[in-house]
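I opened my notebook for a friendly look through another model. Here is the structure I was working from.

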There are 2 protein chains.
Amino acid sequence: MHSTEIILSPRVRTTPYEQRVYENGVKSFTVYNHMTLPVNFTNTEDEYHHLCEHVQLWDVAAERQVEIVGPDALKLVELITPREVAGCQIGQCLYAPLADEDGLVVNDPIILRVAEDRYWLSIADSDVKCWVKGIAWGRGLNVNVFEPDVSPLAVQGPRADDLMAELAGEEVRDIKFFRFIEKEIAGTPVLLARSGWSGQGGFEIYLQDSNYGLALWDAVWEVGKKYQIRAGAPNLIERLETGLKSYGSDITHADNVLECGFERYLNLDKPSEYMARGALEKIRRDGVQRKLCNVMVEGKPLPPLRLCWDLRHADTKVGRASSCAFSPKYGANLMFAMVAVDVATPGTELTVMVGGEPYRGIVKDECWK
Amino acid sequence: MHSTEIILSPRVRTTPYEQRVYENGVKSFTVYNHMTLPVNFTNTEDEYHHLCEHVQLWDVAAERQVEIVGPDALKLVELITPREVAGCQIGQCLYAPLADEDGLVVNDPIILRVAEDRYWLSIADSDVKCWVKGIAWGRGLNVNVFEPDVSPLAVQGPRADDLMAELAGEEVRDIKFFRFIEKEIAGTPVLLARSGWSGQGGFEIYLQDSNYGLALWDAVWEVGKKYQIRAGAPNLIERLETGLKSYGSDITHADNVLECGFERYLNLDKPSEYMARGALEKIRRDGVQRKLCNVMVEGKPLPPLRLCWDLRHADTKVGRASSCAFSPKYGANLMFAMVAVDVATPGTELTVMVGGEPYRGIVKDECWK
């Protein structure tokens, strides 16, 4: 496998920030929700160290929003997730897996309650809009479902609070985790949320008018200079260390929500109707067959994981590793892996097959212990 | 904009043919239905000439299938398209736009009737599976909707018939356009359809077991050597000349089916229920505001189109061009463009804005006349 170029056409949508991404020397992209998502500007390890020490600006416009608005909005949002949404207040974010009638994960968005009868699903990489529209039409619900012109820009890293306080006012320091406020930055109204796809702290700025993308980027950048701001992107090493799973890789539509470690967020007995209830009640009764867990391989860094690696236990295939990075913090390779439930206990030894070579892996808990 | 690398992880799925694609020196990919789709092996013009003279093998596994099977399969397929599906026979393909309750295009698949109560939608780049599953669940239909392990491999070009006749028997020459037969090739059962995303003739081989991907590729390749076979991909120049629109670029979920030139395929008065009926009846009554049409710009080749180019008429913006290639056959730049209906008549002059520079364009008919 050699290095290959990405070809972009209108089918792969641009972002409001893409010009600045190029100006900052982006080296690679992936495609996410039919839109460009930068991957590297220098290299993953260099960017990891910078992210953990300073502050970065991430074009994550590809985290598209699906807006659900109307009298039946809450009813519809409740239908598509086994998490209880009823208590969610305006200004609050909820991490909520979406599950179909088989209990399988369709996406794992953050739900933002934007107004009384208006929700945004800030989605991972699958066309949730179509699914939700289909359900709404099929059920005859009184809602409007569409993708608004909303493009998140993430400010991540330990200096994010100082930067954003200087840019948008000291009160942003008081925004609690997974809460958001309305603000005007660079002359345009945004939602400012304490959230983001790293464990280093920071914000996601929900731009609501693409025309202000470059102005918003520039406003953050200008203040960020003194904090050594750099253009960055969701970082493979950091997300492994922090435990952030990626939909499409670590979690897919072939996995049910109870296999993926979502239990802490869910209320399978919530009063509202939801599509996955029957399937999940049965799975809860029968027990799951597999579990998404953390696996560590000590020694030197493994090559990049393009396709899942097989995991074996006593010469039997017991699962697959779907993400891997060498962690400077732990001095070891960290992986997310879906494995048979009987070998998912921390401390269990597994064999990880990489390019035909066996490596000794150990199942770890969620804190890599 | 400089050349950027594509980063692949399990989230961007591999194809059963990808190893051969690399071995044949693929230079660039795009992402299509969360899967790799090769774009270039040498360059678009060189590949165009080869395609029009010889035969090429295309990894188009990214044309995923959505299988709809069960007692309500036909009812569901009828629901999602304004094309009449009832008359479709087993062994027949239908090109059919899918339209939502607003008459907007969700995708433009080829529908294959695979068995009495079993259809495949061979889709363009949007998650049709989720949409159809949502509708099926909402309506309580008795069907199963899923993505089967089916990966099309296209054999395209004027020598495709000779190649496939030698490989699979003389009777393949008798397969009519948009018909398919069952065959065994390379030890695995496939559907062999006379179809494909070029105007050069050829077949699409629907592999039904990923494990046989390399064997199938190799079987075609071996026979193809005497026909100067090369690895190729859907070709931008050829598709512009032939008039093949790309969903996501030329047609999007913001466009209704009557704006996109689908009328010839549709029966808005078909007896079966379909979601878009009310919306399309109204649009038919009121008339469309825009039309997808062909625009030609003579002179030297224009730069690659990354983002849509604005079209103007008498200093007013009247539309956007979404695809462009310089055609050796016509000695001019060919474009697909969605324009206001009053300037969509062949012969109308438009101004195409490319990087701030105006170019003189002329609306052409579908045969570039």
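**Entry 1: ground rules.** I noted that this is a predicted model, where local features need pLDDT of at least 70, side-chain atom pairs count only at pLDDT 80 or more, and totals for chains, interfaces and linings use all residues. Residues are numbered from 1 along each chain as its sequence is written, while chains are lettered from A and ligands numbered from 1 in the order in which they are written.

**Entry 2: how the chains meet.** I looked up contacts first, taking two residues as in contact if their C-beta atoms, placed from the backbone, lie within 7 Å. On that basis 44 residues of chain B touch 45 residues of chain A. I then asked which elements of chain B each supply at least two residues of that side. They are β1 (5–6), β2 (28–32) and α4 (128–139), and α4(B) gives the most, with 9 residues. My element names are DSSP runs numbered from the N terminus, with helices being H or I of at least four residues and strands E of at least two.

The side of chain B that touches chain A divides into 20 nonpolar, 14 polar and 10 charged residues.

**Entry 3: strands across the interface.** I counted strands as paired if DSSP finds at least two bridges between them. Strand β2 of chain A (residues 28–32) runs parallel to β1(B), and 2 bridges join them. Here F29(A) is found opposite I6(B).

**Entry 4: a run of strands in chain B.** I followed the antiparallel pairs from β18(B) onward.

- β18(B) (residues 309–313) and β19(B) (residues 316–327) pair antiparallel over 5 bridges, with W309(B) opposite A321(B). They form a hairpin with 2 residues between them, and A314(B) in the turn has a positive phi of about 50°.
- β19(B) is joined to β20(B) (residues 332–340) by 8 bridges, also antiparallel; F326(B) has N333(B) as its bridge partner. This hairpin has 4 residues between its strands, and G331(B) in the turn has a positive phi of about 60°.
- β18(B) also runs antiparallel to β21(B) (residues 349–354), through 2 bridges, and L311(B) stands opposite V352(B).
- β21(B) and β22(B) (residues 357–364) pair antiparallel over 6 bridges, where M353(B) has P358(B) as its bridge partner. Their hairpin has 2 residues between the strands, and G355(B) in the turn has a positive phi of about 55°.

**Entry 5: helix α6 of chain B.** α6(B) (residues 213–224) has 12 residues and reaches 16 Å from first C-alpha to last, close to the 16 Å expected at 1.5 Å a residue. The expected span is 1.5 Å times one less than the number of residues. I asked which residues of α6(B) are buried, meaning 20 or more other C-beta atoms within 10 Å of their own; exposed means 12 or fewer, partly exposed in between, and C-beta atoms are placed from the backbone. They are G213(B), L216(B), W217(B), V220(B) and G224(B). These cover an arc of only 100° around the axis, which puts them on the same side of α6(B); the arc is that of the directions from the helix axis to the C-beta atoms. The face turned away from the buried side carries the exposed D218(B) and E222(B).

**Entry 6: two positive phi values.** Most residues other than glycine have a negative phi. I found D315(B) with phi near 65°, in the loop between β18 and β19 of chain B. D315(B) counts as exposed because it has 6 C-beta neighbours inside 10 Å. W368(B), also not a glycine, has a positive phi of about 60° and lies in the segment after β22 of chain B. With 17 C-beta neighbours inside 10 Å, W368(B) counts as partly exposed.

Conventions
Nonpolar A, V, L, I, M, F, W, Y, C, P; charged D, E, K, R; others polar.
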